[in-house]
Structures are given as structure tokens and as C-alpha cells.
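Subject: Structure handover

Hello,

Here is the structure you asked about. Please open it alongside this note, which runs through what turned up.

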Amino acid sequence: MTEAVQAGLWGLVAGSALLVGAVLGYGLRVPQKVIASIMAFGAGVLISAVSFELVGEAYDQAGLAPAVVGTLLGAFAYTGGNIWLARRGARHRKRSGAAQTESQPSEGEQGGSGTALALGALLDGLPESAVIGVSLLNGGAVSLVTVAAVFISNVPEGLSSSAGMKKAGRTKGYVFGVWAAIAAASTASAVLGYTVIGSFSPAVIATVTAVAAGAILSMIADTMIPEAFDDAHLAIGLIIVSGFLVSFALSHT
């Protein structure tokens, strides 16, 4: 099996967690505190992975400047895209819809919001998948910590967002179609992360890794933590730290 195929398979594994979450969120009435707690745990896992597996790796490969510049570029790019999509109805795309003021709009309430939601899900998922492919460049083995972090965080993302989509009146075909498409895009993104970025110099690879890190960190702050805080704010710090430590332990074993 070629490494490009491996990258695609690992990207598919991580992306499939969105479908697992979507099934749970659309088919079951999961308590809001449970959704928020899982989201907080996933945020902690990703924060750790960004710190030690992405920014740390970028620093080790090329030094401080590429790590800092790449992280800032990723944050700017994600924030710009997020602002554009928020104005078109995708601001609360990861919200389960418990609070009426912070729920996803229906197509009748805001035309084009369905497309914006789908694009928002794509914006959130691609950086995570790309770094899975990039991780194969370091010794020919995928970073299982990165895959685990993305998988663990994708379950609550799919769960919460799908619950919100259902409440906003989205059809079952739309909900599962979006997440199936994102899972496929995650596969392609992981392959491209390996095949395209792998042809560049170590400094460029480090910068691209940091760009993904900045985008993921911005996504955590903009979409995951707000959803977690709404219903688990009394315990959110402890839950996030628990997720952080689980990912930290995995990366040091």
C-alpha cells in the first residue's frame, strides 16, 4: 500500500467520525450537557494536538519564524472565511440549537444558509485532514495522535451540528449528504497534504503545518468552546484540561 493511499485511508477514518456524530445527533435526543461536555473534551484534545503535534513539529523542523508566521496566517485565513460564512447563515453551524438566539437558521429564515453551513463544515474539516497527510512525511508513519485527536473532536462536532440542522428543519438527506461529502473531502485533503506538500522544502512544510494549526486553533475558539460553554460552563475548564491531558499522554507514549 502506497503512503498516499495510507494518507487517504487515515483521512477517511478521521472524517468518518463526523458521520458517527451525525447519526447520534440526528437520531437521538442527546442531553445538551452531554453534547457540551463532549465538545469541551474534543476541544481539549485538539488544543493539545495543535500544541505538540503541529506547532511543536513546525518549530522543530524550521525554527520559530515559520511556526509563528504559519500559525498567524492560518488564524487570519480561517477567521476571514468564518466571518464571510457567518454573514450568510453559518455562524452557529456547530450549535445544537438549544438557545433560540444561537440556533442555525432555516432556509426560509435565511436563503443560502444551507450552502453556507456546508461550506462552513468544509472550512472546519480540511485543515485537520491535511495535517494527517503531512504527518506521514515524518518517517513514513502517520501520527496516530493527530488522527485520534481529529477523530475524537469530530464526533461531537458532527453530533452537535446535526442536532442543530435537524432543529432548523434540514432534511435527513441534506444532513447526511453534507457529512458524507466532508468525509470524502477529508480523504482527498489528507492525500493532497501528503502528495503536494511533500514536494516542498522542510521550511515550507513546517509553515503549512503551522497554517493548519492556526486554522484549527481559531476554529476551536470560534465554534467549539462557545458551544461547550453554553451548557457546561461550570465544568468546562476541567473537561478541556482532561481532553488536553489525554492527547498529551498519547503523544508521549
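At what angle do the axes of helix α5 and helix α6 cross, and within what distance do they come? They cross at roughly 150 degrees and come within 10 Å. Helix α5 covers residues 144–167, and helix α6 covers residues 172–195. An angle over 145 degrees counts as roughly antiparallel, so α5 is roughly antiparallel to α6. Their crossing is right-handed. On the α5 side, the contacts come from G158, S161, S162 and M165. They meet Y174, V175, V178 and W179 of α6.

Before going on, a word on confidence. This is a predicted model. The protein chain has an average pLDDT of 80, and 83% of its residues score at least 70. Which element has the lowest mean pLDDT? That is helix α4, residues 113–135, with a mean of 71. Helix α8, residues 236–251, has the highest, at 89. Where pLDDT is low, the predicted coordinates should not be read in detail.

Back to α6, which has another partner. Helix α1 spans residues 3–27. The axes of α1 and α6 come within 7 Å and cross at roughly 160 degrees. These two helices are therefore roughly antiparallel as well. The crossing of α1 and α6 is right-handed.

Next, α2. This helix runs over residues 32–62, which is 31 residues. From first C-alpha to last, α2 reaches 43 Å. That is close to the 45 Å expected at 1.5 Å a residue. Where is α2 kinked? The kink is centred on V50 and amounts to about 35 degrees. Just after the helix comes G63, with a positive phi of about 100 degrees.

α2 also packs against α8. Their axes are 7 Å apart, at an angle of about 45 degrees. The pair is therefore oblique. α2 passes α8 in a right-handed crossing. Which residues meet there? From α2, they are S37, A40, F41, G44, V45, I47, S48, A49, F52 and E53. From α8, they are I236, I239, I240, S242, G243, F244, V246, S247, F248 and S251.

To recap the pairings: α6 is roughly antiparallel to α5 and to α1, while α2 and α8 are oblique to each other.

Best wishes

Notes: Residues are numbered from 1 along each chain as its sequence is written. This is a predicted model: local features need pLDDT of at least 70, side-chain atom pairs count only at pLDDT 80 or more; totals for chains, interfaces and linings use all residues. Side-chain values use heavy atoms; hydrogens and water are left out. pLDDT is the predictor's confidence in each residue, from 0 to 100. Helices (H or I, at least four residues) and strands (E, at least two) are DSSP runs, numbered from the N terminus. The expected span of a helix is 1.5 Å times one less than its number of residues. The bend at a residue is the angle between axes fitted to the seven residues ending there and the seven starting there. Axes are lines fitted to C-alpha atoms, for helices over the stretch in contact, and angles run from 0 to 180 degrees between N-to-C directions. Angles under 35 degrees count as roughly parallel, over 145 as roughly antiparallel, 65 to 115 as roughly perpendicular and the rest as oblique. A crossing is left-handed if the near helix is turned anticlockwise from the far one by less than a right angle, and right-handed if clockwise. Contact means heavy atoms within 4.5 Å.
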